[in-house]
Amino acid sequence: KKGNRPYYLLRGRIKMAAVEDDEIEKEEEMKEDDEEETSGDSGTKKKKKKKRGGAKKKKKSTSEKTQGSIIAPGRGVKGFCDSYLQYGQTEPPSIPIADLFKDQKNFPQGEILEYSPPRSNIEEKKAIDRMQEDLWQKLRHASEVHRHVRRHAQSFIKPDISLTAMCETIENMNRKLVQENGLKAGIGFPTGCSINHIAAHYTPNPGGDVVLGYDDVMSIDFGTQIDGRIIDCAWTVAFNPKFDPLLEAVREATETGLKACGIDVRLCDVGEAIQETMESYEVELESGKTVPVRCVRNLNGHSIGPYQIHAGKSVPIVKGGDSTKMEEGEIYAIETFGTTGRGHVIEDLECSHYMRNFDAPHVPLRMPRAKKLLAHINKTFGTLAFCRRWLERSDGGSFAIHGDNPNAKQEKYLGALKNLCDVGIVQPYPPLCDITGSYVAQYEHTLILRPTCKEVVSRGDDF
């Protein structure tokens, strides 16, 4: 904090500049009133005031330059898509984040939220917090990569874009900025582009593609990981203004969830607060029909562990859930899903997401192809999620691991993949869908329950 005004990342710096300009303006107005009451050398004073005014205008133009100039074609986010230019990044981004901040001791901090009662002045907690600084830096590094990648994505996602091309562009940028290095650094999970009534776990499979339309609602959910520390963050894109209340409901519900979280807070209490916010909204769809926004009651936020996107605890988004308490040092993905449908999703459509079970037992495999595929999964993805598109890349999903190896690309693997799923080694994650004709939106942030405070580490100037 600076004084009593919180600031963080890009948004906070812009806010601080605006606050300082307002204070300068107020001081000058007071001086101007004093000048009108005095006589004699008032003209000289007015000349000085004009000089100060000129300096103030220069400061404002600098602030505006820092913000950027590219506005996202889609709705659901704010600010400028090229706001990363203030760090020395190029447009489009090409400098890895580690190189961009190599002259600085730390990566940018996320949004800091105080506990109630505050813990930031307790010396014991401050000491524990300092001991985990290396972990916080890994998470902040991955978060900064995520912010630059998603800001770039927001600049080119528009109607008529191919979802396959969009996902590959996002993933390639993610690999470049994080400096992909096998399991040490890379993509946390496949890029989800769940559209309309599909709530989660959809990405195009090889050979199939979808084109985004003006009246579509699409959630973009992708992850970045450093040493297995995963940043899980998502937002929703829409172009038709009629969907603004839906996006606002879900975004505000996520904000409510972040504020409600804390050490020793019951998970069910977080869900109750989220539902109260979410279901206070309604959306007017075609033909003037107004429908309420409902929580998708069987989708949840979750705790995150090293190389484990779902680490065991679930954060409900409706009341009446688990009474387990949050604990110090835990990392959570706080995500909410709002729908114009029935508020309950089922598995449907062709599966694209897969993940090796974290606690999978040793199972003897008889199919040679299944053994070969499992060895490839273990080496390339470990227990991180993957998709069929990655298996069919020329590098088998990771150039850092396989390079130009001609055998890296997996061929005729569907039977082997099914066998791994059947024996419980790999878990399939089919798309989760509400009723056809409905629209689902999602917003998500990664939250650290630090000993001294809460840090919304994935917070950006976009949402």
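In the predicted model described here, the backbone oxygen of Ile-435 lies 2.6 Å from a polar atom of the side chain of Ser-438, a polar contact being a pair of N or O atoms within 3.5 Å in which, within protein, one atom must be able to donate a hydrogen and the other to accept it, and in which residues adjacent in sequence count only if both atoms are side-chain atoms. Residues are numbered from 1 along each chain as its sequence is written, and side-chain values use heavy atoms, with hydrogens and water left out. As the model is predicted, local features need pLDDT of at least 70 and side-chain atom pairs count only at pLDDT 80 or more, whereas totals for chains, interfaces and linings use all residues.

Ser-438 is placed in the loop between strand S16 (432–433) and S17, where helices (H or I, at least four residues) and strands (E, at least two) are DSSP runs numbered from the N terminus. Because its relative accessibility is 3%, Ser-438 counts as buried; buried means under 20% relative accessible area, exposed over 50%, and partly exposed in between, with a 1.4 Å probe and protein chains only. Not counting residues up to four places away in sequence, Ser-438 touches Asn-196, His-197, Thr-339, Thr-340 and Gly-341, contact meaning heavy atoms within 4.5 Å. Strand S17 itself (residues 440–449) contains Thr-446, which counts as buried because its relative accessibility is 0%. Apart from neighbours within four places in sequence, the contacts of Thr-446 include Ile-230, Ile-231 and Asp-232, and also Glu-455, Val-456, Val-457 and Ser-458.

Taken over the chain, there are 12 helices and 18 strands, and buried residues make up 53% of the 463 residues. Of the contacts between residues at least 6 apart in sequence, 75% join residues at least 24 apart. The accessible surface of the chain, calculated by the Shrake-Rupley method with a 1.4 Å probe, where for residues only the protein chains shown count as cover, comes to about 21300 Å², and 49% of this belongs to carbon and sulfur atoms.

Two helix pairs were examined. Two packed helices are described by the angle between their axes and the distance between the axes. Helix H5 (residues 133–156) packs with helix H6 (residues 163–178) at an angle of about 150 degrees, with the axes 9 Å apart; axes are lines fitted to C-alpha atoms, for helices over the stretch in contact, and angles run from 0 to 180 degrees between N-to-C directions. H5 is therefore roughly antiparallel to H6, given that angles under 35 degrees count as roughly parallel, over 145 as roughly antiparallel, 65 to 115 as roughly perpendicular and the rest as oblique. The residues that make this contact include Val-145, His-148 and Phe-156 of H5 and Met-166, Met-173 and Val-178 of H6. In the second pair, the axes of helix H7 (residues 244–260) and helix H8 (residues 267–278) come within 8 Å and cross at roughly 155 degrees, so H7 and H8 are also roughly antiparallel to each other. Among the residues making the contact are Ala-249, Thr-256 and Ala-260 of H7 and Val-270, Ala-273 and Met-278 of H8.

Ala-273, placed in helix H8, is in contact with Thr-256 and Ala-260 when its neighbours within four places in sequence are left aside. Ala-273 and Lys-319 are 46 residues apart in sequence, and their C-alpha atoms are 7.7 Å apart in space. Ile-309, found in the loop between strand S9 (301–303) and strand S10 (314–315), counts as buried because its relative accessibility is 11%.

Backbone geometry was considered last. Most residues other than glycine have a negative phi, and most peptide bonds are trans. Cis peptide bonds join Glu-91 to Pro-92, with omega about 0 degrees, and Ser-116 to Pro-117, again with omega about 0 degrees. Asn-196, a residue other than glycine, has a positive phi near 55 degrees and lies in the loop between strand S2 (185–195) and strand S3 (198–200). Asp-227, likewise not a glycine, has a positive phi of about 50 degrees; because its relative accessibility is 32%, Asp-227 counts as partly exposed.
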